[in-house]
Amino acid sequence: MEYNTTRPKLLLPEYGRNVQEMISHAMEIADRDERNKATRAIIEVMGQLNPHLRDVDDFRHKLWTHLFVMSDFKLEVDSPYEIPEQETLSSKPDVMPYPKGKIKFGHYGKYTQEILKDSKNITAADERDYLKITMANFMKKQYLAYNNDAVENHVIANQLRDLSQGELILENPDELMNTNLILKSFGIQPNKRPKKNQKNQKNFKGKNQNQNQNRNKN
């Protein structure tokens, strides 16, 4: 028997070995006109085997490119498109620089930190007050989206002052939006949140009941 491990490697496995062998056969045809006819027939077969390529812009151009790839760029035919060069297709793209930046509080995100850092450039008092309360409420929403447990308003106020480098100070943290209203806007019912203390108390009571039952049996 003949196994795939002993056969030539498939350059584009998605087309299968039959298409690969058809291309190899076309390369052996001496007459150029006959070779062109065979190549166009192979292109039609490739299009039928991969109908999803029809959704790709200029999909026939892509089929011809795949044809030359599977022939190891050795098939000499009259292509309706420019014949690709092996060096161009095999070349790797340049490495894109990855933006680096340290975020102090990850749940607030980079842009929140940048906005608060630039708050020193705002000199108008009314604009600073608007920015202060707006960003504080936004931070509280972001905090609750990250952690559904309740958050103290003074924590938001301290982190607002920290991220703004002391430029924005919330004198009355109680002015912030109500925690329950924020949770409801997320589709979370505040009274249905599991409370860790209650859960621990239930587990503790359950263990005590089991211990008492074991003592009574003994």
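Reader: Let's start with S71. Is S71 buried or exposed?
Author: This is a predicted model, so every value is computed from it. S71 has 3% relative accessibility, so S71 counts as buried.

Reader: Where is S71 placed?
Author: In the loop between α3 (59-70) and α4 (86-90).

Reader: What does S71 touch, leaving out residues up to four places away in sequence?
Author: S71 touches I23 and M27.

Reader: Now α1. Which residues of α1 are buried?
Author: R17, V19, Q20, I23 and A26. What covers them includes α2 and α3.

Reader: How do the axes of α1 and α2 cross?
Author: The axes of α1 (residues 16-27) and α2 (residues 32-49) cross at roughly 170° and come within 10 Å. Over 145 degrees counts as roughly antiparallel, so α1 and α2 are roughly antiparallel to each other.

Reader: Which residues make that contact?
Author: From α1, V19, M22, I23 and A26. From α2, R35, A38, I42, V45, M46 and L49. Nine of the contact residues are nonpolar, none is polar and one is charged.

Reader: What span should α1 have?
Author: Its twelve residues, at 1.5 Å a residue, should span 16 Å. The end C-alpha atoms of α1 are 17 Å apart, which agrees.

Reader: New topic. Which helix has the lowest mean pLDDT?
Author: Among the elements of the chain, α9 (residues 196-217) has the lowest, 53. Helix α7 (residues 153-163) has the highest, 93. Where pLDDT is low, the predicted coordinates should not be read in detail.

Reader: And what is the mean pLDDT of the protein chain?
Author: The mean is 83, and 85% of the residues reach 70 or more.

Definitions and conventions
Residues are numbered from 1 along each chain as its sequence is written. This is a predicted model: local features need pLDDT of at least 70, side-chain atom pairs count only at pLDDT 80 or more; totals for chains, interfaces and linings use all residues. Side-chain values use heavy atoms; hydrogens and water are left out. Helices (H or I, at least four residues) and strands (E, at least two) are DSSP runs, numbered from the N terminus. Buried means under 20% relative accessible area, exposed over 50%, partly exposed in between (1.4 Å probe, protein chains only). Contact means heavy atoms within 4.5 Å. pLDDT is the predictor's confidence in each residue, from 0 to 100. Axes are lines fitted to C-alpha atoms, for helices over the stretch in contact, and angles run from 0 to 180 degrees between N-to-C directions. Angles under 35 degrees count as roughly parallel, over 145 as roughly antiparallel, 65 to 115 as roughly perpendicular and the rest as oblique. Ala, Val, Leu, Ile, Met, Phe, Trp, Tyr, Cys and Pro count as nonpolar, Asp, Glu, Lys and Arg as charged, and the others, Gly among them, as polar. The expected span of a helix is 1.5 Å times one less than its number of residues.
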